Amino acid sequence: MAKSDYYEILGVSKSADEREIKKAYKRLAMKFHPDRNPGNAEAEEKFKEVKEAYEILTDEQKRAAYDQYGHAAFEQGGMGGGGGFGGGGADFGDIFGDVFGDIFGGGRRQRAARGADLRYTMELTLEEAVRGVTKEIRIPTLQECEKCEGSGAKAGSKPQTCSTCHGAGQVQMRQGFFAVQQPCPTCQGRGTVIKDPCDACHGHGRVEKTKTLSVKIPAGVDTGDRIRLSGEGEAGEQGAPSGDLYVQVSVKKHAIFEREDSNLFCEVPVNFAMAALGGEIEVPTLDGRVKLKIPAETQTGKLFRMRGKGVKSVRGGAVGDLLCRVVVETPVKLNERQKQLLQELGESLGGPSGDTNSPRSKSFLDGVKKFFDDLTR
Ligand SMILES: [Zn+2]
Ligand SMILES: [Zn+2]
């Protein structure tokens, strides 16, 4: 496939300096960035082209090679037997390392580092997590220095090509028999040095600032979910791309509900008269109170499912259910009359109909009896 000219891709002249190239790159990279053009294959292709053109043209060695040989300079075997680069005596590893390193993912020359990703833990109530919410957060971060536009160099100057490594970012050290490539100690592998640092950021290209962001949390998130805000992390060094901000969701414990995926659970205490005779109680849901019918002879632990009263997950799917677990409550602080009534009830349950009234007690007692009978046999 015929490749377009790198200068044409960036829309700059053949004599453009690094600053012009960087400017053109920033503009085009923003325009075609995949995050801004989701699902657009053409934009993605453009973005790759722009990035490649930028990487070649901002690398002194590669740019010189491109000017001389065109795209052929970067095609494997397209160099005409090692002529042109480094002289006939250079070993192949070096040539490939230096010239092709970045293209083949080796990345020997360290560019100014991309900004670090930031993580922010956002505490939400269950209601906020279920319904979604927009919250303002304040995060301390490093932002591009406005004074030098992130270059780190004083206004009117620009970073100079490092004289130790001539912009390669790497120097060769001899260790006995071997030649070893190491990051250049003068420029820490960046290939450039700042002679006249910007006084606002002291040459870092970044300054500390607290920024306020409005974060939209979609409905249905749960603890452990995270939301990525592309480019909202720390600014890169000397104009390199920013990192991302990850907002980590943490849902606070709720007084009534417990969530498990898309279902909600709650415990509902019921007095034992109602548990025995049946009746109707009110139970809470996230949308307000609803009535729940308690059938007669309801035991502790019985689960009642209220369909569609749970949560819809942020990942889609059906709305979950609310599961109410009944707990029969033993009455406390009884007055004399209540005690008397219970006494009568107790005597009645212990009477001839007791086995029928309390089948679990009966089968338990039968089990205990059998256990001791078997022991003593
Ligand atoms: Zn250097
Ligand atoms: Zn600055």
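Lys-211 is buried in this predicted model, with a relative accessible area of 11%, where buried denotes under 20% relative accessible area, exposed over 50% and partly exposed in between (1.4 Å probe, protein chains only). The structure is a predicted model in which local features need pLDDT of at least 70 and side-chain atom pairs count only at pLDDT 80 or more, while totals for chains, interfaces and linings use all residues. Residues are numbered from 1 along each chain as its sequence is written, chains are lettered from A and ligands numbered from 1 in the order in which they are written, and side-chain values use heavy atoms, with hydrogens and water left out.

Lys-211 belongs to strand 7; helices (H or I, at least four residues) and strands (E, at least two) are DSSP runs, numbered from the N terminus. A polar atom of the Lys-211 side chain lies 2.9 Å from the backbone oxygen of Glu-232. Such a polar contact is a pair of N or O atoms within 3.5 Å; within protein, one must be able to donate a hydrogen and the other to accept it, and residues adjacent in sequence count only if both atoms are side-chain atoms. Contacts (heavy atoms within 4.5 Å) of Lys-211, with neighbours within four places in sequence left aside, are made with Ile-137, Arg-138, Ile-139, Thr-141, Gln-143, Glu-232 and Gly-233.

Strand 7 also holds Arg-206. Arg-206 is buried, at a relative accessible area of 18%, and a polar atom of its side chain lies 2.8 Å from the backbone oxygen of Ala-235. Residues touched by Arg-206, not counting those up to four places away in sequence, include Gln-143, Cys-145, Cys-201 and Ala-235.

Cys-145, in the loop between strand 2 (133-144) and strand 3 (160-161), and Cys-201, in the loop between strand 6 (192-193) and strand 7 (206-217), are 56 residues apart, and the pair links distant parts of the chain. Both Cys-145 and Cys-201 are buried. The ideal angle for four tetrahedral donors is 109.5 degrees.

Cys-162 and Cys-187 are both buried.

The count of aromatic pairs comes to four, where rings of Phe, Tyr and Trp (its six-membered ring) pair if their centres lie within 6.5 Å, and planes under 30 degrees apart count as stacked, over 60 as edge-to-face and the rest as tilted. One of the pairs, Tyr-7 with Tyr-66, is tilted, at 6.2 Å centre to centre and 40° between the planes. Tyr-7 lies in helix 1 (residues 6-10) and Tyr-66 in helix 4 (residues 60-69), so the pair ties together parts that are 59 residues apart in sequence. Both Tyr-7 and Tyr-66 are buried. Tyr-25 and Tyr-54 form a stacked pair, 3.8 Å centre to centre with 10° between the planes. Because Tyr-25 lies in helix 2 (residues 18-32) and Tyr-54 in helix 3 (residues 41-57), this pair ties together parts that are 29 residues apart in sequence. Tyr-25 is buried, with a relative accessible area of 14%, and Tyr-54 is buried at 15%.
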